[in-house]
Amino acid sequence: MKAFSFYTEKGEPRIGIDTDNGRYDFTRIWEFFKEFKNFRHAPSLNFLQVMVELEYFAIDTFEEVLQTVRDFRSLDDVRLRKPVRYDVPISRPQKILCLGRNYRAHAEEWGSQVPDEPIVFSKLASSLLPHEGVVRIPDGIGRVDHELELAVIIGKQTSRVSAAKAMESVAGYTIVNDVTARDLQLSDMKKRHPWTLSKGFDSFCPLGPYLIPAESVADPHALQMELQVNGESRQRANTRDMVVPIPEIIAYISRHITLVPGDIICTGTPEGTLPIRPGDTIEATIDGMGVLRNPVAAA
Ligand code: MG
């Protein structure tokens with residue numbers, strides 16, 4: 001089961017699900033369910049985020065709702081038959097935290113060492129971009145690179161958790177492209193300035209298309225990932241090569257920063273980060289998570 005956020009032809013925000021039996025407008029199904037169960041106060045719109053925030057994002061929830069509704073009406077009229085316009089699965093995260101140099105070969109391609117302790121920086125929620133959204137590159141900023149990464153979506157409030165218990169905090173996973181204004185980042189590093197600007201441009205955080213429930217991912221450290229530009233393979237790696245694995249990332253961050261549902265953690269990029277230019281099309285994929293496709297244009 002894969003969940004996603006989308007807009008109807010009238011521009012109404014909805015959530016959808018892909019199941020073995022087809023693709024449905026889950027917001028409509030939820031409306032039927034609410035009516036049937038007399039849940040007058042349950043949220044309707046944008047509730048992929050709400051479900052995560054309520055710690056209610058689980059395959060069981062979706063299945064229970066689907067089954068209940070299927071028992072009293074047909075789902076045929078809420079089946080999604082046409083392509084949809086996607087939104088990011090989590091549109092207003094409180095935080096987007098990212099790992100730097102978390103794949104050895106990527107650190108080495110930039111002449112760097114893997115750090116002793118994780119490098120944690122943040123991206124801005126205003127840089128989020130959905131599947132099929134356009135990465136916009138302003139004139140005169142020099143080199144801009146793609147960075148394919150596995151994104152972890154936090155599903156419960158987490159503070160000072162041990163690595164052994166950290167995975168209980170994960171709601172699910174998706175694909176992220178940590179687009180980086182590389183020349184600006186390198187000059188900021190020389191000046192000992194932070195990376196906020198070079199990582200935070202509008203449209204520099206493509207995310208999605210799906211939110212994959214944690215239960216559907218047997219081992220997040222055994223996922224093949226690939227990024228292509230115009231059909232040419234640029235990054236190909238496996239999440240097993242992460243230096244600091246997900247439980248330790250969560251334990252490390254939560255020592256100092258309280259994680260809340262909907263927070264996004266970008267787990268670092270493997271080798272092969274290369275420039276993108278207006279006219280390019282980027283396609284990022286991770287096992288079982290679909291394809292995150294974004295064209296590139298001049299801003
Ligand atoms: Mg990165």
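Predicted model: local features only at pLDDT ≥ 70, side-chain atom pairs only at ≥ 80, totals over all residues.
1. The strands behind it are β14 (residues 224-229) and β17 (residues 281-286), which run antiparallel and are joined by five bridges.

2. Now zoom out to the sheet. Its five strands come in the order β8-β18-β17-β14-β15; the sheet is open and the pairing is mixed. The edge positions go to β8 (135-137) and β15 (232-238), and each has a single partner strand, so one side of each is left without a neighbour in the sheet. Going from one strand to the next, the twist averages 20 degrees.

3. Ser 198 is worth a click. You'll find Ser 198 in helix α7 (residues 196-200), and at 0% relative accessibility this serine counts as buried, because the cut-off for that label is under 20%. What does the side chain of Ser 198 reach at 3.2 Å? That would be the backbone oxygen of Trp 195. Leaving aside neighbours within four places in sequence, Ser 198 is in contact with Val 179, Thr 180, Ala 181, Leu 184, Gln 185 and Phe 204.

4. On to the rings: the count of aromatic pairs comes to nine. Take Phe 26 and Phe 62, with ring centres 4.8 Å apart and planes at 50 degrees, so the pair is tilted. This pair links distant parts of the chain, with Phe 26 in helix α1 (residues 26-37) and Phe 62 in helix α3 (residues 59-72), 36 residues apart. Both Phe 26 and Phe 62 are buried.

5. Trp 195 turns up again here. The ring centres of Phe 121 and Trp 195 are 4.9 Å apart and the planes sit at 55 degrees, so this pair is tilted. Again distant parts of the chain are linked: Phe 121 is in strand β6 (residues 119-123), while Trp 195 is in the loop between α6 (182-190) and α7, 74 residues apart. Phe 121 is buried, as is Trp 195.

6. Last, the aromatic cluster and the charges. Ring pairs tie Phe 4, Phe 6, Tyr 86 and Tyr 210 into a cluster. Which ring does the charged end of Lys 2 sit over? The ring of Tyr 210, at 5.3 Å from its centre. Elsewhere, the charged end of Arg 73 sits over the ring of Phe 32, 3.7 Å from its centre.

Conventions:
Residues numbered from 1 in each chain as written. Heavy atoms only, no water. Pairing = 2+ DSSP bridges. Helix = DSSP H or I, 4+ residues; strand = E, 2+ residues; numbered from the N terminus. Axes fitted to C-alpha atoms, helices over the stretch in contact; angles between N-to-C directions. Buried < 20%, exposed > 50% of the residue type's maximum accessible area, 1.4 Å probe, protein only. Polar contact = N/O pair within 3.5 Å; in protein donor to acceptor, adjacent residues only side chain to side chain. Contact = heavy atoms within 4.5 Å. Phe/Tyr/Trp six-rings, centres within 6.5 Å; stacked < 30°, edge-to-face > 60°. Lys NZ or Arg CZ within 6 Å of the ring centre and 35° of its normal.
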